[in-house]
Structures are given as structure tokens and as C-alpha cells.
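Hello,

Here is the structure I said I would pass on. My notes follow below it.

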Amino acid sequence: MRRDRLVAAALLAAALSAGAVPAETPADDGGVALRDVVDIRGVRDNQLVGYGLVVGLAGTGDGTQAKFTIQSLANALKRMGVVVPPSAIRVRNAAAVMVTAELPAFARPGTRIDVNVASIGDAKSLTGGTLLRTPLRGPDGRIYALAQGPVSLGGGFAAQGAGASVTKNHTTTGTIPGGALVERAAGAPLEGRDSFDLQLRQPDFRTAQRIEEALQREFGAPLAHAVDAGTVRLSVPAGYADRPVQFLARALGVPVHPEAPARVVLNERTGTVVLGGDVRLSRVSVTHGNLTISVVDRYAVSQPAPLSPKGETVVVPEGEVVTEEEQGRTLSLGEGTRVEELVEALKKIGVTPRDMIAIFEAIRAAGALHAELVVI
């Protein structure tokens, strides 16, 4: 092992002495690859949707109220040469579902894609079910893929006994990994184009300018032009006229430094606070107090008087409501304070994440938070 390490070190030293410098990756200078910042206009996924039937359910399918399931099953049997009146069909082992999928931009016929399946009737579970062949259509009404296969619930299950039931995860939705075969390509031709429009996922004027400068440095020519905050137009040079794949591979690998937006994201359900960019505060003073409310139930026994001819012993509930409010604590912040410093100061005085959300909302309402506040 030691000998292998010595050989590897010698080879690396020889390569460096010969002038061979390891290729620089976008992460080496703190940048990110252009492909992680932009999308090519016209090159995107397409949404597909279809209506189908899941069969093979162990009595957990749709009930008699789902008339469309009965009619769909009767139609499916008729296409197979079996004519059965809808009134004679019981569908406890079948369920009507909507099937959705995302068709990638460059998917070709024969490519397999994942599909999602969701019940639209009153089925209790899709456990153990199999989706019958279902055509998936695009926004233009044309069929782009056919879906079929066993439905996976991702570990979800439902069990029921006498007076008790257990359910884990959603049992009326599932997936079929690779469950659809692409029959028609959506079409995203690259050849013959003299330019590509790069769309920024987070529109920003400075980021667009930096992308323009980085591309011009990479190719040594003014091929890129920032049209607006969300679009950079990239012209195809003559040397790459018939090689668009090689041209885009080189262009999208260029490292860039996107401008981080000043944004504070708050999650009310989990109490999570995420800070983005250099968020600063104006001069502000915050006073916050915690109010605690406790409701206590006690029970007393009421008995009739001795030798009383009527009356009976009963239990009487006696409720008590106790409120306790902590004294407000004041926190003063100077001009230009960073949000990270505010968070640390709030933690030191014992503010909970949920109270922190209320404080951020109040600071923003006061106009002292110079950032976008997003509550999810």
C-alpha cells in the first residue's frame, strides 16, 4: 500500500513539473456550473396525464358509489370481447385512478419514465394493485406514453380489525418506477439553430451580466448578450454550427457566480428559519413576551345530605384556567446588523423558533428587514 502511494505521488509530481495542471472545477473558485443556474428555452419536461384502472385489490377498491369505475371496467371487458352489463359488476377489487408523468425533453420512443398513480374514487387502498395499460396524453391531446405495471406505495399500508385500524402513509397514491414506455418524442431540435436563449432560474441583473462575461471569457468572442434579468442569448459560433451538443456541453460547464438573493424563509409548521444572501437590518427595538395558558380539569364528588330521602352521589367536574405571561424582554439592534447576529441574540435569551418567526414578521412589517420574507 505504501509503495502504491509513493508511485502515485511521484506520478503527480512529474505531471505538475511537466506543466500539466489539473482541470479546475466550478467549486474550486466558489462558483457553480452554468447548467445549475439556467435552462435552455424550449428544452423542458412536459406533463402527461391519463385515466386508468388498478385491479387486483384485496377488497379495498371502489364501492358501488363510484359509477365511473363500473362503467370503465365494463368498457375494458367489452374491448376484450367479454360483454357484461354494468349492473352485474362489483368493483371492490378495482379502482379508478389518474396517472401522471413527466416526459423529459430528449426522451425517445422506448425510453422508460416513472409514473404516479392516485385514486379518484372511494377506494381504501391500492396495496397489491396493478395498473392496466393506460395512455398518457400531453397538452395537445396526443398520446406520448403508455403506462402499465404493479403499483408501489413506498412502504405504506393499511390494516383493519374489530374496532381498530392502522394506516401508514397515503395508501391511495403510489408510483410505478419506469412504469411507462415513451411512444412519441416531444421534440426539442438543436441542430440548425444559430442561437440559444438561456433562462435564469432566479432572474437577477447582476447574475445575467456575470454569465455574459463568463461566456465571453470562455470563447474569447462576444457570443453572449444579456437581454434582461432572466435571459442571456448565446450565439453559436461557426466552428460549432454542426456540433450543438459539444457547444452546449462546453458553455453549460462554464463556472459562474450567481448573486445570492437577500431572502429569509420561515416554515411555520417546523419552526425552520433559512437565511439567504447578506440580509441586514435597520435600527430597531423588539419587545417580546410569552403568554402561557393552562386549562386544568379537576373532579369533585357531590353526595346528598345524611338521611336524605332523595338524591345520589355524582362526580362534578371543576375546570380552572390559569394564565401566566412572562415579562417582556427588550432587544435593541443597531444600524446594519446582520440577521445572523439577530438569530444568535434571540437564541441567547431563549426565544423559541416559532416566536422567532413572529419577531421576523413584526420586523418586516416595521420596515427594518431589508430582504424578501417567505413563509411556507
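Leaving aside its neighbours within four places in sequence, which residues is Ile 211 in contact with? They are Leu 34, Val 37, Val 38, Leu 200, Val 232 and Val 256, where contact means heavy atoms within 4.5 Å.

Before the rest, two notes on the source. This is a predicted model, in which local features need pLDDT of at least 70 and side-chain atom pairs count only at pLDDT 80 or more, while totals for chains, interfaces and linings use all residues. Residues are numbered from 1 along each chain as its sequence is written, and side-chain values use heavy atoms, with hydrogens and water left out.

The protein has six helices and 23 strands (DSSP runs, numbered from the N terminus: helices are H or I, at least four residues; strands are E, at least two). Of its 376 residues, 32% are buried (under 20% relative accessible area; exposed is over 50%, partly exposed in between; 1.4 Å probe, protein chains only).

Gln 71 is in helix H2 (residues 67-79). Gln 71 counts as partly exposed because its relative accessibility is 39%.

Regards
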